[in-house]
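Hello,

Here is the structure I promised to pass on. My notes on it follow below.

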Amino acid sequence: MDRMINAEVETPLIDIPTGKFGMWVFLISEIMFFTGLIGSYIVLRLGATSWPRPGTILNTPLLGLNTLILLSSSLTMALALHAIQQGRQAALRRFLLLTAGLGVAFLGIKGFDYAHMWHRGFTMSASLFGSCYYLLTGFHALHVLSGVILLLSLFFAASHGRFSAAHYGRIEYSGLYWHFIDIVWVILFAILCLV
Amino acid sequence: MKINAHPTARTYLAIYGWLLGLTILEVSVVLAGWPQGATVTILIATALAKAMLIALYFMHLKFDRPLVWLLPGIPVVLGIVFVLALFPDVVFHLVQRM
Amino acid sequence: MSKTLSGQSFWRRYVFSTNHKVIAVQYLFTGMLFLALGGVMALLIRWQLAYPWQPIPFIGQWLFPGSGGAMTPEVYPMLFTMHGGIMVFFAITPILLGALGNYTIPLEVGARDMAFPRLNMLSYWFLVVGSVLLLASFLVPGGAAGSGWTLYAPLSASTEVTPGWGQDLFILGLALDAVSILMGGVNYITTIMQLRAPGLTLRRLPLTLWGLFYSAVLNTLWLPIVASALFMVLCDRRLGTAFFLAGPLAPHAGGQVLLYQHLFWGFGHPEVYILILPVWGLVGDLLSVFSRKPAFGYQATVCSMLVITVLSGIVWGHHMFTSGMNPLVGKAFMFLTITVSVPTAIFFLNWLGTLWRGAIRLTVPMLFTLGVVFVFAIGGLTGLFNALQTFDVYIHDTYFVVGHFHYTLAASVLFGTFAFIYFWFPKIFGRHMNARLGYWHFGLSFVFLNAVFSVMMFLGLHGHMRRIADATAYEFLKPVQHWNVFLGWAALGLGLSQLLFFINVLYSLFKGAPAPANPWEAGSLAWTVSSPPPEHNYATPPRVFCGPHEYGVPSLTNGDWLSQADPQAAKLARS
């Protein structure tokens, strides 16, 4: 994706690789998708007559741990890109795998947490909080899952030597996606799980 | 900062440190049980700060040319305007009783 | 269709192709199929309104065996729902965005293909799977969705009220189509902004591409909002939530029905601009080509289209004037909606300025283009009435609105579609379409189309509601029932006239006269390559020296136009 289709391109609107531009356009649609979900949550909550304190239902320390896991995965993703920019193949593979692993850990904890709370009666139909909680974190988790699959595909590509210090576009663009999911979680953590 | 310069591993680790610190602050504030108004303000501030750090450094926006900011900037502004437009009906229930 | 010796298998070349031209044709035929299906549904609707509960001739016994060939009350809502949903998402979008966009964008910017060819191929197949789900919804118990294409909660959101899976399949089909459109949007925006050939500045971009660009931007921004709303509807239906349900239908408190309308129309209004912007762009270009004059006020047109693009996102409340929405907010929406008429008037007048004192060539594409100008004027003017909160209270949910949006959407978009196909057919397939059939097609369509939709306006003013199956059930509508009969026959005329078009397309595909590279003497890049173009369009990136509308340049000594890629243009052209 870092190759241009047209060899000499006159004044592209922004002087960045095609793939990076495309990923940002995709992220625009993702920002708007989460705006629809999170925005609806915000207005429904502010317009509701009552709302439980999340801490009384959710496992705050566990969610905090999950946040730290996802933040760490953003670090490892950034370091993966940093590694391949310097041509360090082994480090790239290591960091990609680590990022994917942290993503899987995030999902695992989430799944465990969902099952536990559902069993205790906190379901999607229990309350508006329940509906919003599962909807928002559920869609977020689906995005994390897609991200993990993407990372694993990058890992396999890296194992076949597809990337180098001159050719690392896909790592960078996938990183943008991964960091974006992290940002969504950062917001959800604060305004859905804590507040 | 030179356009398209890349941060060092040190920078990434430093940002990570800030992100960890802000998260710990958030959890502490909630567990300490401060009044709702103060908690909400702090949490929104920390969430925004963390989001900005990730966007500027991990997503490289600080080092990209300014025009790139337009790409995430437009939907963020639009999203805020859209959600605000929902407030009169959904939040304040200023609907017309037909 | 392409003269390649690339040695690929039939499947890779024509079915799972990453070539934008192949994908465009796939979109075109898929879209035309659904256009026909949506059209047949419209005829069924008009029959029912013209002769309520009478057996439908010829196909009645086959469609409604249980009721002696007559429409049933359960099916009627499914018809108007699916007519709307199919036309908007599975007919117009594939034809005007999928086909027009995919075909013209790489050629007109001077690229070998779209920015992301494999993503492009994927986008088509998402549409196909989505349309399979949509068609499947007719076959499940309970039948297809019947809540209107607008899918308002609580009707759509509660399985107590609409238990069948038809509603869910409709939503899922739309969701897949949305993914398809978003993928396309990434390609269109990236290709237009980043892959333009040397010399092709934004000021030299054909207007068609500006229209497609703005359309793709609106899709990228607003489609996800409706996607989020539809997922919430799905959750309300099948996962026991109550985002859009309240009172006895809701498993828990706190949901708000009105929120759905805000989310839906937050997308729904930009959607109508998404559908019409490519037509506006196309009309701008075609008026120039067939008046042999530069597009009058090119920069003002591009700017007004931008202003409309921005404004379209903040006027959605005008669909909700009677919903109970806060009236002051309604006034804000009213004000903003009326404001849209200003940039619209600007580019409309620019169209007329292009025509003024031009050497008009009344080809078939030009007639359809002029047809767009005419019907859009009428539709746009009626929009001004609808924009007024006070007036809308009376005509909301009547045929006045139906007439309005069919003039601006169906009529303009339909004529725009025909202008697109008649104009680009020679380039795409390397053959001319039959002009005589084309002239008849235009004449008959123009007459019948205006007959149908103008009468709808008068019915609406009389108070004829929309989405009802039988006007004779209402005393005050009995005096106008004969107009419903008239509409039925006019609609049939319109439908039958389209046969001329389909026959023309099929015939010309195989027996049409071979077309040269530039049968219309057009100035943009696409017309510098053969018809059909080589597999990868350009062997070397073309260089551009002027805008695409250099017609009637005074200093020319031979011919009346300059191609964008003509080196002479650097000296002779105006920009």
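In this predicted model, 43 residues of chain C are in contact with 33 residues of chain A. Three helices of chain C each give at least two residues to its side of that contact: H6 (166-194), H7 (207-238) and H8 (257-291). The largest share comes from H7(C), with ten residues. By class, the side of chain C that touches chain A splits into 27 nonpolar, 13 polar and three charged residues.

Chain A also meets chain B. Here 38 residues from chain A face 38 residues from chain B. On the chain B side, helices H1 (9-32), H2 (36-58) and H3 (70-91) each supply at least two residues. That side of chain B has 29 nonpolar, six polar and three charged residues.

Next, a helix in chain A. H1(A) covers residues 18-46, 29 residues in total. Its first and last C-alpha atoms are 41 Å apart, close to the 42 Å expected at 1.5 Å a residue. Of its 29 residues, 26 are buried, so H1(A) is largely enclosed by the rest of the structure.

Then the core. The largest nonpolar core has 283 residues. Which members touch the most others? They are Ala80(A), Phe213(C), Phe244(C) and Ala419(C).

Phe244(C) is worth a look in your viewer. Leaving out residues up to four places away in sequence, Phe244(C) touches Ala153(C), Pro154(C), Ala157(C), Met232(C), Val233(C), Asp236(C), Gly255(C), Val257(C), Leu259(C) and Tyr260(C).

Best wishes

Key. Residues are numbered from 1 along each chain as its sequence is written. Chains are lettered from A and ligands numbered from 1 in the order in which they are written. This is a predicted model: local features need pLDDT of at least 70, side-chain atom pairs count only at pLDDT 80 or more; totals for chains, interfaces and linings use all residues. Two residues are in contact if their C-beta atoms, placed from the backbone, lie within 7 Å. Helices (H or I, at least four residues) and strands (E, at least two) are DSSP runs, numbered from the N terminus. Ala, Val, Leu, Ile, Met, Phe, Trp, Tyr, Cys and Pro count as nonpolar, Asp, Glu, Lys and Arg as charged, and the others, Gly among them, as polar. The expected span of a helix is 1.5 Å times one less than its number of residues. A residue is buried if 20 or more other C-beta atoms lie within 10 Å of its own, exposed if 12 or fewer, and partly exposed in between; C-beta atoms are placed from the backbone. A nonpolar core is a set of buried Ala, Val, Leu, Ile, Met, Phe, Trp, Tyr and Cys residues joined through C-beta atoms within 7 Å.
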